[in-house]
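Here is a guided walk through a two-chain model, written for someone who likes to keep the viewer open while reading.

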Amino acid sequence: MENYSIYVPKLITKKENFAPGHRACIGCGEALAVRLAFKAIGQNVIVINATGCVEIFTSQLPYTSWRVPWIHTLFENTAAVASGIEAARKAMIRKGVIKDTNTKIVAIAGDGGTIDIGLQALSGAMERGHDFLYICFDNEAYMNTGIQRSSATPFGASTTTSPAGKSSFGQFAWKKDMPAIAVAHNIPYVATACPSYPFDLMEKVKKGLEVKGPAYIQVLSVCPTGWGCAADLSIKVGRLAVKTGIFPLYEVENGKYKMSIDFPGLRPITEYMSLQKRFRHLKPKMLEQIQQKVIEKYEELKEKAAACEYNCQTVLED
Amino acid sequence: MSQRVGIEVSIALAEAVKMANADVIAAYPITPQTHIVEHLAELVADGELDAEYIPVESEHSAMSACMGSSAAGARTFTATAGQGLELMHEALFVASAMRLPVVMSVVNRALSAPISVWGDHSDVMACRDTGWIQIFTENGQEVVDNTLCAFRIAEDNSVLLPIMVHLDGFHLSHVIEPILMPEQRYVDAFLPLNKYPLPLDPAKPVAMGDFAPPSIYTEMKWAQEKNLQKSKDTILKVWEEFNGIFGRQYKPVESYRCDDAKILLLTMGSYSETAMTTIDKMRNKGYKENVGLLRLRLWRPFPHDELREAIKNADVLIVLDRALSFGGLNGPVCMEIKAALYNEAIRPKVVSFVGGLGGRDITVADFEEIITRGIDIARNGSEQEFEMFGVRE
């Protein structure tokens with residue numbers, strides 16, 4: 001760890017475009033992820049923020065945590081607002097009204113604002129090919145309103161609207177595969193990330209910014225409040241989500257899957273789940289089922305990545 | 001300085017948007033708005049209008065994209081109708097509260113169910129309190145003129161409010177009319193470049209749309225209300241200037257043969273032209289009472305002073321609404337007018353009619369019936385709070 005403190009400040013800007021002093025909960029993985037992302041993004045950006053945790057804890061009139069231009073309008077329309085801004089700048093640059101400053105358009109939203117209520121607007125904006133980066137800070141439920149399930153809530157998790165009970169085991173559906181939906185839009189860049197792997201996250205954000213056209217990054221953001229884990233375990237829980245294969249880190253460039261980090265052996269999911277209250281009710285049999293499915297999904301993903309690698313090699317050899 | 005051409009009103013409207021040199025158009029197709037956006041898409045495709053046309057996936061996204069575009073400082077236009085306007089509903093409040101000068105043509109259409117593509121004012125009335133400036137038009141000329149005025153008013157830095165220009169679906173949008181199309185150089189003189197004071201720009205970061213705790217929400221809403229009320233000064237000024245250049249004067253409340261009229265009919269939108277013909281006809285054949293017509297052009301901010309002035313000599317005011325306020329006392333426009341007159345020492349009897357729903361015609365003869373029946377109700381009373389004109393029970 002000592003080495004980190006020597007070279008990290010040299011690699012990463014100390015400038016905080018996302019200022020401290022906001023009102024996120026203790027141990028908020030999302031606040032950390034936003035901070036890291038905006039270190040990578042820099043200042044030449046316009047931010048469009050959906051209603052949600054980040055919007056609320058970074059803005060309260062007359063204060064703001066944003067040192068970059070920032071707009072919030074509604075919950076479900078973030079990608080549409082972003083398309084308007086992108087188009088406006090494009091038109092005004094072409095007409096000589098403003099200078100071309102290569103300003104980046106970055107939309108940010110939670111999992112509910114992205115994968116549930118904002119999916120249509122996002123799909124539309126990706127399909128139309130606007131040049132923007134969309135980052136979904138995925139904390140796996142509607143945390144801002146009090147931990148209600150979303151379609152990104154993992155199978156079996158107890159939330160306030162998918163509570164575990166006598167006749168319920170909690171969340172009843174498998175987490176919606178939003179990155180795959182983004183890939184299906186034929187966009188140039190899709191990735192998953194987690195602030196527990198900060199360099200990986202920042203690199204992906206930079207890549208997403210640089211590609212021409214839409215980029216989608218889904219960032220697993222540990223929520224101690226909603227997940228019922230200790231506030232000082234955010235980083236560890238995030239790492240375990242990756243190491244168990246529950247939230248694999250990968251990127252899809254022009255449709256080509258690539259694992260960012262691969263593990264020879266996945267850690268058992270119980271290592272991850274036992275740290276969180278939302279899974280505490282799950283019986284061994286259920287955990288076994290989840291374990292099986294996690295491995296299955298992980299293998300599927302690896303196969304996709306391997307197939308892409310194989311295809312790439314074939315092309316090279318040809 | 002203008003050329004009179006026979007042109008479909010929707011096409012003329014799109015040409016006005018072109019003359020206004022809009023930067024961004026974000027729209028979703030809906031009958032009867034389609035001809036407007038199709039023509040705009042064509043103008044952009046042919047390079048006749050240098051703009052970004054965003055073919056969004058819904059009206060909610062249309063208004064959202066417009067908000068983004070407007071916040072970035074671009075001149076922004078959209079058009080919708082009926083269901084589309086209702087799908088935008090949530091975003092309408094945000095556009096006005098965030099002071100985003102979007103111009104929108106609303107091709108007035110009835111609301112489902114049952115589904116109807118034809119015109120009435122149900123869509124407008126449901127968006128009455130969204131904080132937008134709202135202007136009604138009666139013919140193609142007014143549509144073109146007020147579309148140009150709308151950009152000028154909306155973008156005026158003392159206003160910075162979104163504007164709806166209403167035109168009736170089919171009865172106005174799809175007819176071919178003789179319209180004086182203004183010359184570009186006069187439009188350029190009338191309509192300066194959009195100078196949005198605080199656009200989203202990394203050179204000067206702003207935060208827009210922060211959340212407001214109870215300690216400040218009321219003040220923000222009051223500021224918004226005062227701003228909308230005050231916008232009337234600019235609206236009047238712009239109409240005045242428009243008249244100076246183009247020779248056509250618009251007013252918040254327009255009077256037709258009202259000087260000696262004791263009986264007034266009040267209408268909004270394209271049916272006003274039919275009503276005018278009725279007034280002429282009744283006067284020409286020597287109807288026993290002097291009848292006149294008021295046309296409400298400015299719906300928001302509501303021109304209560306002008307309205308009170310216009311009705312001060314009248315005995316009877318008959319209001320035709322083209323929308324229902326379900327479970328309410330009268331049609332929505334009539335209720336508002338009654339409220340505006342309630343505290344006046346001298347005021348006419350106000351009679352409420354609702355009709356022309358879902359595109360049903362109201363003919364010259366129908367208006368005559370409304371007027372005579374209205375007079376009868378005013379003098380002899382009625383068991384009903386309002387009359388549903390021409391309905392089959």
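The paragraphs below go from one whole chain to the contact between chains, and then into the second chain. Keep in mind throughout that this is a predicted model.

Let us begin with chain A as a whole. Its secondary structure comprises twelve helices and twelve strands. Along the principal axes, the C-alpha atoms of chain A fill a box of roughly 65 × 60 × 45 Å. Of its 318 residues, 52% count as buried. Among the contacts in chain A with a separation of 6 or more, 68% are between residues 24 or more positions apart.

For a single residue of this chain, look at A:E16. This residue sits in the loop between α1 (2–11) and α2 (29–41) of chain A. Is A:E16 buried or exposed? It has 12 C-beta neighbours inside 10 Å, and therefore counts as exposed. The C-alpha atom of A:E16 is separated by 9.0 Å from that of A:L36, although the two residues are 20 apart along the chain.

Next comes the place where the two chains touch. Chain A brings 41 residues to this contact and chain B brings 39 residues. On the side of chain A, two or more residues come from each of β1 (45–49), β2 (59–60), β4 (70–72), α4 (78–94) and α6 (119–128). Which of these elements gives the largest share of the side of chain A that touches chain B? The answer is α4(A), with 13 residues. By class, this side of chain A divides into 20 nonpolar, 15 polar and six charged residues. Strand pairing also crosses from one chain to the other: β4(A) and strand β9 (residues 207–208) of chain B pair in the parallel sense over two bridges. Within that pairing, A:I71 stands opposite B:M208.

Now move into chain B, starting with helix α1 (residues 9–19). This helix is mostly covered, with eleven of its eleven residues buried. Among the buried residues are B:V9, B:I11 and B:L13, and also B:E15 and B:K18. Just after α1(B), B:N21 takes a positive phi of about 55°.

How is chain B divided? The domain assignment gives domain 1 (2–246) and domain 2 (253–388). Taken over C-alpha atoms, the centres of these two domains of chain B are separated by 28 Å. Their contact takes 27 residues from domain 1 of chain B and 20 residues from domain 2 of chain B. On the domain 1 side, α5 (122–126), β6 (133–136), β7 (163–168) and α8 (214–246) of chain B each supply at least two residues. The largest share of that side, five residues, comes from α8(B). Sorted by class, the domain 1 side has eleven nonpolar, eleven polar and five charged residues.

The last stop is a sheet in chain B. Six strands form this open sheet, in the order β10-β12-β11-β14-β15-β16, and the pairing is mixed. At its edges stand β10 (253–256) and β16 (387–388) of chain B; each has a single partner strand, so one side of each is left without a neighbour in the sheet.

Strand β12 (residues 291–296) of chain B pairs in the parallel sense with β11 (residues 263–267) of chain B, over five bridges. In this pairing B:I263 stands opposite B:V291, and the bridge partner of B:L264 is B:G292. Two helices of chain B pack on the sheet. Helix α9 (residues 271–284) touches β10, β11 and β12 of chain B, and its direction makes about 170° with that of β12(B). Helix α10 (residues 304–311) touches β10, β11, β12 and β14 (316–321) of chain B, with a direction at about 20° to that of β10(B).

The pairing of β12(B) with β10(B) is in the antiparallel sense, over four bridges. Here B:V253 has B:L296 as its bridge partner. How many residues of β12(B) are buried? Six of its six residues are, and the strand is mostly covered. B:V291, B:L293 and B:R295 point one way from β12(B), while B:G292, B:L294 and B:L296 point the other way, and all are buried.

Terms used
Residues numbered from 1 in each chain as written. Chains lettered and ligands numbered in written order. Predicted model: local features only at pLDDT ≥ 70, side-chain atom pairs only at ≥ 80, totals over all residues. Pairing = 2+ DSSP bridges. Contact = placed C-beta atoms within 7 Å. Axes fitted to C-alpha atoms, helices over the stretch in contact; angles between N-to-C directions. Domains from an automatic or database assignment. Nonpolar A, V, L, I, M, F, W, Y, C, P; charged D, E, K, R; others polar. Buried ≥ 20, exposed ≤ 12 C-beta atoms within 10 Å, placed from the backbone.
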